[in-house]
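Here's a walk through one structure, with an eye on which side chains meet and where they sit. Have a look at the model first, then read on.

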Amino acid sequence: MSNMKDALGRTIDYMRISITDRCNLRCKYCMPYGVECVPRWDILSLEEIQAVGICAAGLGIRHIKVTGGEPLVRRDCCQLVKQLKSTPGIEKVTITTNGVLLERYLDDLAEAGIDGINISLDTLDRDLYQRITGTDALGTVMEAVRRACAMPVSVKINAVSIDFSQMEEDCGECPAGNQDGWQQMVELAREYPVDVRFIEMMPIGYGKNFKTINHRELLEEMVKAYPRMEEDDQVHGFGPAVYYRIPGFKGSIGLISAIHGKFCSDCNRVRLTSQGYLKPCLCYEDGVDLRRILRKGQERPEEEGHYRWPYAGCPSDEGLQRELRKAMEQAVLCKPAAHCFERPGQITEAHNMIAIGG
Ligand code: SAM
Ligand code: SF4
């Protein structure tokens with residue numbers, strides 16, 4: 001089994017694949033005004049994603065996270081999960097979703113072999129939820145959480161730690177208040193067997209208009225409220241979260257602290273955008289264009305629908321795999337030592353999170 005290392009000796013075994021840049025929500029820190037819809041041609045097809053998956057697995061990627069935009073708005077999402085899951089070498093395929101369409105697709109995802117479902121949910125306050133996401137869908141998402149928890153898959157809730165009190169002026173009609181909402185989120189892990197994870201807001205795209213809650217301070221508050229909370233050394237997945245257990249709780253609490261607990265020295269991931277650009281780090285625009293390789297340099301045709309994939313039917317084509325491999329290895333070798341979120345002037349990634357996949 002291959003083991004891929006970057007130039008600093010970090011093992012790279014995790015790839016996030018964004019399968020669409022469309023979404024049915026309008027989160028204030030992600031895509032408040034929607035996105036300019038790119039032509040369907042620009043987005044990688046199922047077979048093209050499969051080809052990248054085969055190559056990645058051969059290099060040493062073991063875990064794939066399917067993300068977006070909202071992955072469940074793409075009609076072939078479950079089929080994609082199934083294909084990625086059946087790729088030799090891939091051990092786990094998980095998905096990150098806003099949960100709005102999840103209930104409808106839970107059985108198909110289970111049938112496709114999904115290993116874990118991350119549901120993004122920043123608040124349990126219905127009004128605030130609507131103001132953050134632009135949609136009154138908290139009830140729908142909570143119903144999906146309940147149903148997912150009754151299935152034999154791992155369920156995680158992801159909440160971005162937004163410091164509403166320090167929000168800058170220029171982010172439109174921003175929500176305000178609910179600084180103490182974290183405790184309601186923590187209580188979800190008492191009731192359900194879920195990992196509730198708090199994610200520090202990162203200054204990417206519209207995220208730049210927001211301040212993050214400092215997780216060191218959040219942890220202090222949590223320990224005050226739950227004095228018996230203690231660090232959990234059990235491995236919960238492939239990511240950088242630090243987990244805590246609270247006696248009597250069915251689930252755990254996780255903190256992902258990209259800003260105040262920089263974990264770059266242990267970073268194990270690369271990201272594939274929906275348009276086939278492989279990024280070794282979220283913070284910088286550098287990467288390699290795999291779509292150019294997948295399409296043998298073809299340009300977008302004048303009319304939609306006249307496009308034929310040069311490797312039709314054969315994602316494992318030897319020549320294609322050789323070229324993809326070279327490009328992916330090159331991207332991994334160029335993986336920077338660390339992000340520079342603390343020095344915003346040096347961030348070169350200008351795309352929104354929706355285009356990168358979070
Ligand atoms: N639509 C899906 C969802 O919301 O889970 C998948 C895509 S979304 C971009 C992936 C994750 O990135 C979500 O949990 C979202 O809250 C998070 N996210 C978006 N912008 C962020 C930012 N600036 N900082 C931290 N997390 C962010
Ligand atoms: Fe959509 Fe997810 Fe972005 Fe919210 S965070 S707008 S749900 S892609």
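Let's start with the rings: the count comes to four aromatic pairs, where rings of Phe, Tyr and Trp (its six-membered ring) pair if their centres lie within 6.5 Å, and planes under 30 degrees apart count as stacked, over 60 as edge-to-face and the rest as tilted. One of them is Tyr-29 with Phe-210, an edge-to-face pair with 6.4 Å from centre to centre and 90° between the planes. This pair links distant parts of the chain, 181 residues apart: Tyr-29 is in the loop between E1 and H1, and Phe-210 is in the loop between strand E6 (195-200) and helix H7 (215-225). Helices (H or I, at least four residues) and strands (E, at least two) are DSSP runs, numbered from the N terminus. Tyr-29 is buried at a relative accessible area of 14%, and Phe-210 is buried at 7%. Here, buried means under 20% relative accessible area, exposed over 50%, and partly exposed in between (1.4 Å probe, protein chains only).

Tyr-33 and Tyr-206 have ring centres 5.8 Å apart and planes at 70°, so they too make an edge-to-face pair. Tyr-33 sits in the loop between E1 and H1 and Tyr-206 in the loop between E6 and H7, so this pair ties together parts that are 173 residues apart in sequence. Tyr-33 is exposed, with a relative accessible area of 60%, while Tyr-206 is partly exposed at 25%.

Before going further, a word on the ground rules. This is a predicted model, in which local features need pLDDT of at least 70, side-chain atom pairs count only at pLDDT 80 or more, and totals for chains, interfaces and linings use all residues. Residues are numbered from 1 along each chain as its sequence is written, chains are lettered from A and ligands numbered from 1 in the order in which they are written, and side-chain values use heavy atoms, with hydrogens and water left out.

Now for the charges. Side chains of opposite charge can pair when their charged atoms come close. How many salt bridges does the structure hold? There are 15, a salt bridge being a side-chain nitrogen of Lys or Arg within 4 Å of a carboxyl oxygen of Asp or Glu. Three of them are set out here.

| Asp-6 | Arg-10 | 2.6 Å |

Asp-42 counts as buried at 5% relative accessibility, and Arg-291 counts as buried at 17%. Asp-6 and Arg-10 are both buried as well.

The Asp-127 and Arg-131 pair stays within one helix: the two are four residues apart in helix H4 (residues 126-133), so about one helical turn separates them. Asp-127 is partly exposed at 45% relative accessibility, and Arg-131 is partly exposed at 32%. Back at Asp-42, salt bridges that share partners join Asp-42, Arg-291 and Arg-300 into one network.

Arg-295 lies over the face of Trp-41, at 4.5 Å from the ring centre; a charge sits over a ring if NZ of Lys or CZ of Arg is within 6 Å of the ring centre and within 35 degrees of the ring normal. What is the backbone angle phi at Lys-296? Lys-296 has a positive phi of about 50° although it is not a glycine. Most residues other than glycine have a negative phi. Lys-296 is placed in the loop between H8 and helix H9 (318-333), and counts as exposed at 57% relative accessibility.

Helix H3 (residues 102-112) has Leu-102, Tyr-105, Leu-106, Leu-109 and Ala-112 as its buried residues. Seen down the axis, they fall within an arc of 140°, so they line one face of H3; the arc is that of the directions from the helix axis to the C-beta atoms. The face of H3 turned away from this buried side carries the exposed residues Arg-104 and Glu-111.
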